[in-house]
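Please look over the model below before reading the points.

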Amino acid sequence: DRGSIAVTDPRANRVHTVSGIGLQGAASSLAGPWRIEGALVHEGTRYGLQLQTGRAGAEGPRVRLALEPADPPRVIEIEAEARAIDGRPTLVGQFRWREAGRPEAGEGAPRWRAEASGEARFDRLTLRDNRLSTGTAERTLAFSGTVDAAFGPPARLDGALVARSIDLDRVIGSANADRKDLPALVARLFESVPALANPGLDGRITLDVAAMTLGGDVARDLK
């Protein structure tokens with residue numbers, strides 16, 4: 001059967017609606033472990049869902065959650081422990097993202113992926129030891145850092161990313177570029193990572209690069 005759930009957030013004056021819910025589940029007892037899979041729709045996007053939990057105990061059950069949004073296609077995976085922190089349900093553990101293939105992008109198109117440890121609750125996501133990379137096997141970019149997203153109000157995203165070296169000549173084909181092209185090329189670099197190009201929140205992301213290759217030259221200590 002298909003169902004829907006509406007959750008009212010009075011602080012943000014918003015109603016979050018999940019519709020088209022079609023889930024199947026099984027459990028050995030009400031305390032778990034549980035296994036649930038199916039699909040749902042949120043804000044017009046269909047999500048495939050798989051959820052597994054351990055048996056509930058004094059410390060809270062272990063949770064494994066996989067979400068697959070259809071547009072844009074990507075996979076979100078969480079392996080965490082469900083806890084109550086300051087009276088709020090919180091997932092504490094590992095968070096992973098990876099971009100799924102898009103037929104129109106071609107087989108060799110760059111894909112982004114990320115992995116981090118952190119905490120997630122209804123109004124905030126805090127990620128530490130974040131490792132973000134994108135590109136093909138021959139043209140890979142790698143960043144590390146932290147991300148903090150507050151879902152408001154006010155909603156805001158703050159991040160600090162660090163890279164030891166970025167070779168723009170290899171990654172986005174800037175071998176014939178001039179240093180004056182750097183702002184446009186950095187913009188293209190961020191556009192290649194959908195999660196950074198359009199995060200859907202106001203905020204600030206800083207990028208520190210120890211060395212960047214552009215047009216055969218190397219620029220150092222860029223911020």
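1. A66 sits in strand β5, residues 62-69; strands (E, at least two residues) are DSSP runs numbered from the N terminus. A66 is buried at 17% relative accessible area, where buried means under 20%, exposed over 50% and partly exposed in between, with a 1.4 Å probe and protein chains only. Beyond four places in sequence, A66 touches G48, L49, Q50, I76 and E77, a contact being heavy atoms within 4.5 Å.

2. This is a predicted model, in which local features need pLDDT of at least 70 and side-chain atom pairs pLDDT 80 or more, while totals for chains, interfaces and linings use all residues. Residues are numbered from 1 along each chain as its sequence is written, and side-chain values use heavy atoms, without hydrogens and water.

3. S133 belongs to strand β9, residues 124-135, and is buried at 15% relative accessibility.

4. The structure has eleven salt bridges, each a side-chain nitrogen of Lys or Arg within 4 Å of a carboxyl oxygen of Asp or Glu. One of them joins R96 and E79, with the closest N and O atoms 2.8 Å apart. R96 is in strand β7 and E79 in strand β6, so this pair ties together parts 17 residues apart in sequence. R64, E77, E79 and R96 form a linked network of salt bridges.

5. K223 and D208 meet in a salt bridge at 3.5 Å, N to O. K223 lies in the segment after β13 and D208 in strand β12, so the pair connects parts 15 residues apart in sequence. K223 is exposed at 82% relative accessibility, whereas D208 is partly exposed at 29%.

Definitions and conventions
Helix = DSSP H or I, 4+ residues; strand = E, 2+ residues; numbered from the N terminus.
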